[in-house]
Every structure is written in structure tokens, then in C-alpha cells.
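Work through the exercises below with the coordinates open, and set each solution beside your own reading of the model.

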Amino acid sequence: PRLFRVDYYYPANTKAGAAPMLVDRKGGSQSYVFKSSAVYIIDTPQCVYIWKGAHATNGHKTVTDFTVKSFQTYEGSPMMLERCEDGKESKKMLDTLRLFNCLLPSESTAEMHAYADRTADQVALLSDDSAYLAEKAQRRGEEREREQREADAKRIEAEVRLVREKEAAEVRQREKEKERERDERVLKETKERTAESGVGSDGG
């Protein structure tokens, strides 16, 4: 079985277009969440399933139909075809999705929030809701400032730690030098006393 996502791509200096992209699910331990703005092709030996997201466009459908026809004509994909829309999946399709460890948008809180955020942006742009866009820009600016402050705090903390480590190393070095000087002084005094004792013995 193969899983393809038909979604928009944005090549440089050209208009956005829709294209099928292979979704690699070999050994995927983490669930793959379907995007509600895309169309997915599940190519199995028995049937080709087409799942259409609730917010996919006619452009997605056109590319999907062409891709499936190419699979059937040139790659030996089965002629049996099953289409469904988001929330209207058959049991067979749901069982097939589970083989790929896939989740529908309704099963993923993160995808629901992401779509809600994208939709709010689109509505604001269409209605020219400058207040909403300004508030969102302000929130993003505040988030960047917070991230910058956190990064600066970590950098300062690392610099302070390095300074303290350097000071501690210098203290240890000075202590070692003092200890070495003390040992040398003790050794010198011991030699002098020994020499004085030898002179006294010779004079007696």
C-alpha cells in the first residue's frame, strides 16, 4: 500500500500548484495526522481510496483524479475506487488508515487548533480586520521578545558560570602555589637546621 498527499506547493517565482507527494510511513511510530486542507490517495492492491479534506479545493480534486488515472493506467493500480470526505469514511477506509498509523483531523487536537488559527487569519485578511491582525502581530512580537529574553538570560548565565569557574580555578592555583612555597620553605629550614647541627658537632 502507498499513501500520497495531494497538497499545494510553492516553487520559487511561479504560481502555487497542487501535486501528489508520497508519504513515507515505513516504520513510522508516530501517528501521521491528515490535513483537512489536502486530499489523500491510499493505493492498495484491492482498491484505491481517495480521502478529501473538508477544506480541500477543486484544484486538489483535479490533480487527484489525474494521478489516480495515471496509477491505474501505468502502474497497475486496481480499477476499484472509493471516495469519501472528511467525517464520512467507510469502515474499510478507516481500517486501511490504521495500517498506516494515520489519524483524521477530528482525532487530532493540534490539527484542529492549527486549522482554526489559519481560518481566523484568512477571515481577517478577507474582511480586512486590521485589529485582529495587529493583535496577532503584537502577540508574535511579544513571543519573540520573550524568546530573546530567555536566550539572553541563558547566555548571561553561561557567561557567569564560566567566570566563576575561572575564578575558582585561579583560587585553586594560588593555593597550590602557596602550598608549594610553604613546602619549599619548610625544606629549606630543615636543611639549615641540619647544617647547623653538623657544624656544632664538629666544633665539639
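**Exercise 1.** Determine what share of the protein chain counts as buried.

Solution. Buried means under 20% relative accessible area, with exposed over 50% and partly exposed in between (1.4 Å probe, protein chains only). By that criterion, 25% of the 204 residues of the protein chain count as buried. This is a predicted model, in which local features need pLDDT of at least 70 and side-chain atom pairs count only at pLDDT 80 or more, whereas totals for chains, interfaces and linings use all residues. Residues are numbered from 1 along each chain as its sequence is written, and side-chain values use heavy atoms, leaving out hydrogens and water.

**Exercise 2.** Identify the largest nonpolar core and the elements that supply it.

Solution. A nonpolar core is a set of buried Ala, Val, Leu, Ile, Met, Phe, Trp, Tyr and Cys residues joined through side-chain atoms within 4.5 Å. The largest has 16 residues, and those with the most contacts inside it are Leu3, Phe34, Tyr40, Trp51, Leu97 and Cys102. At least two residues of this core come from each of strand E4 (39-43), strand E5 (48-52) and helix H2 (91-99), where helices (H or I, at least four residues) and strands (E, at least two) are DSSP runs numbered from the N terminus. Apart from this core lies another, of ten residues, including Val6, Val39, Val63 and Phe71.
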